[in-house]
Each structure stands twice: as C-alpha cells, then as structure tokens.
Amino acid sequence: MSQVDRSQVTPIDWDAIRSEFPVTENYLYFDLANKCPLPVFSTQAIEAYIASQQKSGGDKEQWFATVNSARSRFADMINCSIDDVAFTKNTSEGLNIAANCLPLEAGDTVVLNEHEHPNNVYCWLNLKSKGVNVHWIPAPDGFVTPQTLEEHAPKSMKVLAVSSVTYAPGNRNDIHDLARYCRERGVYLVVDGVQSVGTMNVDIDYMGADILCGSGHKALMCPHGVGLLYIRPEIRDRMHPLYVARAGMEMAAQIEYGEISYALEIPQAAKKFEIGNYNYLGLTVLDCALKRLNEIGMSNIEARLLSLNELLSQGLTAAGFELASPRDTSLGSAIVCFRTGNARSLHEYLVRHNAITTVRRDMIRVSLGFYNSSDDIDGFLALLHSWQTTESEG
Ligand SMILES: Cc1ncc(COP(=O)(O)O)c(C=O)c1O
C-alpha cells in the first residue's frame, strides 16, 4: 500500500460524484467500513441484470464476460495478474481458504494481535485440532511492526495474519515492511485488506503480501456476497483447494458436446478456489464499481478520504473527545474512532438524528466515503456538540 502519490491527484468535481449517492440526501452516512450505501450506477446495474433474467433467462456468456472483466479490473487496481485473483463470498471465506490451504503442520504458529477483526481470529483458532497454535503479540494502537515481531513472535511463527487497515481504530500497517521481514524468515503474510481495498491505493506488488482478502460490500459498492482473494503466484502451488468444481478447472466448458472428461486438472491460477456458478449479479455490480473507481482514480479517493479524516480528527480533538485513531493521518485511513464516556447514548442519539456510524470495541467508529463532504463533517460535529450539551444538562 502506498502513500498518496500527489502527482496522481487531479481536480475532481466531488459534488457531482456525491449526487450519484442518494443516501447523501437524507443521512450523514459514516458507515462504509460496515456496509455501503449503493450508488445509482450499482442499482441501475442490478435492475438491468434482473430485467434481463426475467425477460430471457439472462445471457450466461455475457455474465462470464463480466466475471472476466471484473477480474481484470480488480487485478489492474491492485497491480497483479488476473491469475492471482479469485472471487469468494467475502473476506472471511478468503481468510478461511488461507488458514486451511496453506501448508501448515503441527507445531507451527500463527501470530495474531488483539486489533484483528474476529473473523481473522476464528479461522486460525480453528486449526488447533491440526496442532497449529495461535500466539498473541502486543500491537499498541493497532500497529504491528517488524520490531514487535522481533521482540514477541516465537521462532515457530509460520503465518502472520494482520490487517492492512484495522477495522478499529483504523490505523494503517506498513505491509511492505512486514512482508520483507516475513519473507526473510519463511513466514506467510496473510493480509486482511477489506478496509483498505477501495479506500486507498493498494499496490500488492509493492506491498509484497502472500495473500490479501477483501469484500465487495464495503468500499467496492456491491451488495453482500462478493469477495476477493489475491494469492501470490510463488506460493499457489503449495496451496491445494479443499473444494473443487468445474468453474475452477482448466477445462471449464459450458456446452457439453461429446464426452465429458473427469480428468482432475487443477490450474495453478487462484481461480482454483472458486466453486461452481459465480455470484453473477454481484460481480456485475463489482465490474461497474471498479470501472467508476478507476475513472475517479484511487489516488484522488485516498487523498479525499485522508483530508476528510484530518478535518474530522481536528474537530473531535477540539471538542474534547479522545481520538483513538492516529493523529497523523499518514498513518490513518478512512476510519476515525473516538471514545466517549457513553458510546451507547451517543450512538443512539446519532441514529435518531440520521447520522449513521457504528460502535466497535466501545468506540464510535466514523467511516468515511468519497461521497462525504466537509459539510457532512461540520453537521456531524454540530450534532456532537448538541449531544454534549444535552448530556451535561441531563
Ligand atoms: C477488518 C475486517 N475483516 C473481516 C471482516 C469480515 O468481513 P466479511 O463479512 O466480508 O467476511 C470485516 C467486516 O466488517 C472487517 O472489517
């Protein structure tokens, strides 16, 4: 993951882009890290898909072409080859594929930290019956560094599972640095990338992770049920799929003229982890969303989100809230978390006033989208002020 490349940042009409998101008419929507508000182009793609399936059963050849197009757009976005990308159901499925298909043996250790999402923990704990252990390391404010690994990771470490951006407090880990450390020691680096894909530049070639998992239903503006999995080519032949089906095979003929061969020809491409028919509807939306993200430009999006983060962080600090996310936004992301004495009361107050956030680890999590504006931030800070006044009077 690179920092914003200023030379790639160009003037954008953010007001026009905002109007593509109907949610902005009624809500201060700050919950992209949970689920996306669908933009008009996503709902139009869904309507067209459904109308076509209703009218004619749909065009499967076209659906396959769309799957290929989405794969190629995603590969371009993260700077890898199409062979490195598989579609899954969600981030958790990708993490489970990593946990179950990497060549781990009894006595191996997976290193975790307390800031990981629960779904980047359970899949590793589930390896206990194989004799694979989990070891917890400290990660102050969510940061995992080579130095922490040097001090706290055991010699038996075989996997480091870590988020590129934590779901809370939203700090950004330096995956490039961690990858170098892991590669030198024969450790697999599995990255939960769901909070960075679509919100910032993700250059997987530069980052150097072995595996990266993501979902479509957050910053990639899809309905639920679309996931993305990157696997570094050099490790793929060491990973054997647990489930297999035709779509993942070398020969994936749709029209069965002549004899069927049941030769089990598992390709080396990451798509060997894909099972049966795709989520064609979800991937149709993903294809449109990736096209739109590419038109706007990931550097522009990242710069916008970090500048909104800066504005919000300043306002929160000035209002006396305890910021849990990095104060230095170059270490931060589209997620800003803060603490209050009473997260439940504030969260409920915000919901009543149409400001959508969520609570994670007893912090209010504000997650920004590029459709948010500085007016949204001002409106949110004004709501916090009125809540503070209500609380102090009550
Ligand atoms: C960092 C992180 N990892 C994993 C997940 C689980 O994602 P999914 O439900 O798409 O598998 C989430 C969901 O919020 C998340 O924020």
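L323 has F338 in strand 10 as its bridge partner. This is a predicted model: local features need pLDDT of at least 70, side-chain atom pairs count only at pLDDT 80 or more, and totals for chains, interfaces and linings use all residues. Residues are numbered from 1 along each chain, as its sequence is written.

Strand 9 and strand 10 (residues 335-339) run antiparallel, joined by two bridges. Strands (DSSP runs of E, at least two residues) and helices (runs of H or I, at least four) are numbered from the N terminus. Two strands pair if DSSP finds at least two bridges between them. Strands of a sheet pair through backbone hydrogen bonds, either parallel or antiparallel.

The open sheet has four strands in the order 9-10-13-12, with antiparallel pairing. Strand 9 (322-323) and strand 12 (358-360) are at the edges; each has a single partner strand, so one side of each lacks a neighbour in the sheet.

## Helices across the sheet

Which strands does helix 11 lie across? Helix 11 (residues 298-318) lies across strand 9, strand 10 and strand 13 (363-367). Its angle to strand 10 is about 10 degrees. Axes are lines fitted to C-alpha atoms, for helices over the stretch in contact, and angles run from 0 to 180 degrees between N-to-C directions. Contact between two residues means C-beta atoms, placed from the backbone, within 7 Å.

Helix 12 (residues 343-352) lies across strand 12 and strand 13, at about 35 degrees to strand 13.

## Two domains

The protein splits into domain 1 (6-37 + 297-393) and domain 2 (43-294). These bounds come from an automatic or database domain assignment. The C-alpha centres of the two domains lie 28 Å apart. Domain 1 gives 23 residues to the contact, and domain 2 gives 19 residues.

On the side of domain 1 that touches domain 2, helix 11, strand 10 and strand 13 each give two or more residues. Helix 11 has the largest share, five residues. By class, this side of domain 1 holds 14 nonpolar, four polar and five charged residues. Ala, Val, Leu, Ile, Met, Phe, Trp, Tyr, Cys and Pro count as nonpolar, Asp, Glu, Lys and Arg as charged, and the others, Gly among them, as polar.

## An enclosed strand

Why is strand 7 (residues 211-215) largely enclosed by the rest of the structure? Five of its five residues are buried, so the rest of the structure largely encloses strand 7. A residue is buried with 20 or more other C-beta atoms within 10 Å of its own, exposed with 12 or fewer, and partly exposed in between; C-beta atoms are placed from the backbone. I211, C213 and S215 point one way from strand 7, while L212 and G214 point the other way.

Strand 6 (residues 188-192) runs parallel to strand 7, with three bridges. Strand 8 (residues 227-231) runs antiparallel to strand 7, with five bridges. Here G214 has L228 as its bridge partner.

M221 sits in the loop between strand 7 and strand 8. Its phi is near 60 degrees, a positive value in a residue other than glycine. M221 has 26 C-beta neighbours inside 10 Å, so it counts as buried. R361 lies in the loop between strand 12 and strand 13. Phi of R361 is also positive, near 50 degrees. R361 has 15 C-beta neighbours inside 10 Å, so it counts as partly exposed.

P169 is in the loop between strand 5 (157-163) and helix 7 (175-184). The peptide bond from A168 to P169 is cis, with omega near 15 degrees.

## Around the ligand

The residues around the ligand include N90, H117, D192 and S215. Each has its C-beta atom, placed from the backbone, within 6 Å of the ligand. The shell has two nonpolar, nine polar and one charged residue.
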